[in-house]
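Try each task before you read its solution.

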Amino acid sequence: MDDDGRGPGPLPPETGKVPYEGVWRFTAAAVDASVPQARHAVRDLLARQGVPASDDLVQGLLLIVSELVTNAVRHAALLSPMLAVEVAVGAEWVRVSVEDDHPYRPTALVADHGQTGGRGLLLVREITQEAGGTCDVEHTASGGKVIWAALPLKPNGSAPGGS
């Protein structure tokens, strides 16, 4: 994964921001190996920045990242050989997103208990809602899409909307 350098270091105290706030973006090829790489990159980033997230929240975020990157690899790779993972951390929330260049905007389907696949977005929505957060799919200016989930660092915190 490539880091495009958008990750800021600690901010001066006079800005009123906490040291772990910032936005980081990684790019990767839309291949199976990128799924664990993205998960590990997000886990390591949260730890390195000292984000005060519970173990349950981190595990939820990592599962969301895995599902979103897997979807991009499985469904968008033909039209989008690269994908981007972005992590944005505020004082009270963390937002993860995966962007690709495929124009198809997926929707979470009603669960079919006999179906073995196709539940990734349902799982993302369930984890997000359980944590008190929000998630959505948006079109990008380049014609692709970004799927994101924002979770509060503490239960009942506020989660931001889209970008």
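**Exercise 1. Find which residues line the second largest pocket, and sort them by class.**

Step 1. A pocket is defined on a 1 Å grid over the protein atoms alone: it is an open set of points where a 1.4 Å probe fits, with protein on both sides within 12 Å along at least five of seven lines, and lining residues have an atom within 4 Å of a point.

Step 2. Look for Ser54, Asp56, Leu57, Gly60, Ile127, Glu130, Ala131, Leu151, Pro152, Leu153, Lys154 and Pro155, which line the second largest pocket.

Step 3. Sorting this lining gives seven nonpolar, two polar and three charged residues. Here Ala, Val, Leu, Ile, Met, Phe, Trp, Tyr, Cys and Pro count as nonpolar, Asp, Glu, Lys and Arg as charged, and the others, Gly among them, as polar.

Step 4. Now the elements: α2 (55-76), α3 (120-130) and β6 each supply at least two lining residues, and α2 gives the most, with three. Helices (H or I, at least four residues) and strands (E, at least two) are DSSP runs, numbered from the N terminus.

A note on the model: it is predicted, so local features need pLDDT of at least 70 and side-chain atom pairs count only at pLDDT 80 or more, while totals for chains, interfaces and linings use all residues. Residues are numbered from 1 along each chain as its sequence is written, and side-chain values use heavy atoms, with hydrogens and water left out.

**Exercise 2. Is arginine 43 buried or partly exposed?**

Step 1. Arginine 43 meets aspartate 44 in a salt bridge of 3.1 Å, N to O.

Step 2. Arginine 43 has 36% relative accessibility, so it counts as partly exposed. Aspartate 44 is partly exposed too, because its relative accessible area is 37%.

Note on methods. Salt bridge = Lys/Arg side-chain N within 4 Å of Asp/Glu carboxyl O. Buried < 20%, exposed > 50% of the residue type's maximum accessible area, 1.4 Å probe, protein only.
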